Amino acid sequence: MVIGQITDGIVLDHITAGRGMEIYRTLGLGSLGCTVAMINNAESTKMGRKDIIKIGKIIDLDFTVLGYIDPGITVNVIRDGKLVKRDHLTLPERLINVLKCKNPRCITSSEQELDQVFRLADTQTRTYRCVYCDSKAK
Amino acid sequence: MRSLTDIKELTVGEIDGLIETALDIIANPKKYEQRCDHKKMATLFYEPSTRTRLSFESAMIELGGNAIGFSSADASSAAKGESVADTIKTVACFADIIAIRHPKEGAAHVAAINSPVPVINAGDGGHNHPTQTLTDLLTIKREKGGFENLTVGICGDLKFGRTVHSLISALSRYGGIKYVLISPEELCVPEYVKDETLIPGGIPFEEVRDLEKAMPELDILYMTRVQKERFFNEADYLRLKDTYILTPDKLKEAKPDLCIMHPLPRVNEISVAIDSDSRACYFRQVQNGKFIRMALIMKLLGV
């Protein structure tokens, strides 16, 4: 299968195989109005199989959300056909208004104008906890 | 400006410093009676309290300062729907330091990040209660001489007991502590206490159901109340509330220098017959609360 190179845009590489569509939906790529290519189960020497998303336009990406969904992703920014920037994502230290605290005793349950803030409590287990009540993100 | 919402915000050195100051206040009270001259503390209590509020207010008064505030949410603009953040910004216009108790977990954190003056968490739901922990540490220091090589039994409601979580977090930073966690299965310590403190710290602990079996090895027995206000379902409360009742016959196998503590109020989990036993420390613990709060107020105000 041949998918053409992009001149200006973003390539999300090293997406865990099977997570591509979740990222596509979360980032709202379907409503961009430009070419978006989704490649599922591409062969990868590093990962065995991976997903890749090519976006035919340079957009502002929420790296925090992206890093939370799949911290192994590589973000390549292409300008005039050349790679101008490459970011390797990691799990974000804080998530603001990405998750919602489910603890009914948490202050965020009664004061809903508060930002929903979670901190990374354990990188290995990818555990996030609410900064207000310490409840684990579910 | 600094606040205290969680005991983990204090280093071991800072805790030791507060305890030293409290011991000096006990020994030389006159030296401290003008330290907070013309300073005001606001005590914002959205939940009922006897000891904590009066302890904060008497601490401030004994330092030469004054106390203002409210003792129920109904007596504040919270009853009109005012947010914690707005209340704090308002109160900070009148007070030099704020102590807040609130039924919701994390309310003190919201207060601290919105306040231009120091905020002290006086209890946020079942979450944290750092000044109770400082009180407990001062009590252990005075009763046992230090914090190392102690077997600490904590009994009762370990799930919602905020004093328990803070105490485990603080004591775990000293060496040679072993915990015996005594509770019904439904009220055992939350996962995060184990995941973030006990397990990574390699701190020995066991979770047991039987208080009497655990008794002989304990240096400290920390009793807690099953808190009715934390249950959504009254039937669960009624089923669990009488699980552990400490009576003189249960102390038969206890060490002669056991230190029996309780953050109070008690309902029936410690029989009044224990009060006259010299090992009962809980009313001495209340008194220690005032001294350590005096030390903390001075530290946060920088006086």
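Predicted model: local features only at pLDDT ≥ 70, side-chain atom pairs only at ≥ 80, totals over all residues.
Local features need pLDDT of at least 70 and side-chain atom pairs pLDDT 80 or more, while totals for chains, interfaces and linings use all residues. Residues are numbered from 1 along each chain as written, chains are lettered from A in the order written, and side-chain values use heavy atoms, without hydrogens and water.

**Terms**
- A pocket is an open set of points on a 1 Å grid over the protein atoms alone, where a 1.4 Å probe fits, with protein on both sides within 12 Å along at least five of seven lines; lining residues have an atom within 4 Å of a point.
- A volume is the space filled by probe spheres set on the points, which are joined across faces, edges and corners.

**Largest pocket**
- The largest pocket holds about 740 Å³ of space.
- Its lining has 34 residues, and A:Asn103, A:Arg105, A:Ser135, B:Lys159 and B:Pro190 are the closest to its centre.
- Helix H9 (234-240) of chain B is one of the elements giving two or more residues to this lining, and H9(B) gives the most, three residues (helices are DSSP runs of H or I, at least four residues, numbered from the N terminus).

**Second largest pocket**
- The second largest pocket has a volume of about 480 Å³.
- Among its 31 lining residues, B:Arg51, B:Arg101, B:Pro263, B:Leu264 and B:Pro265 are the closest to the centre.
- H10(B) supplies the largest share of this lining, seven residues.
- The second largest pocket lies between domain 1 (7-129 + 287-301) and domain 2 (130-285) of chain B, because both give residues to its lining (domain bounds come from an automatic or database assignment).
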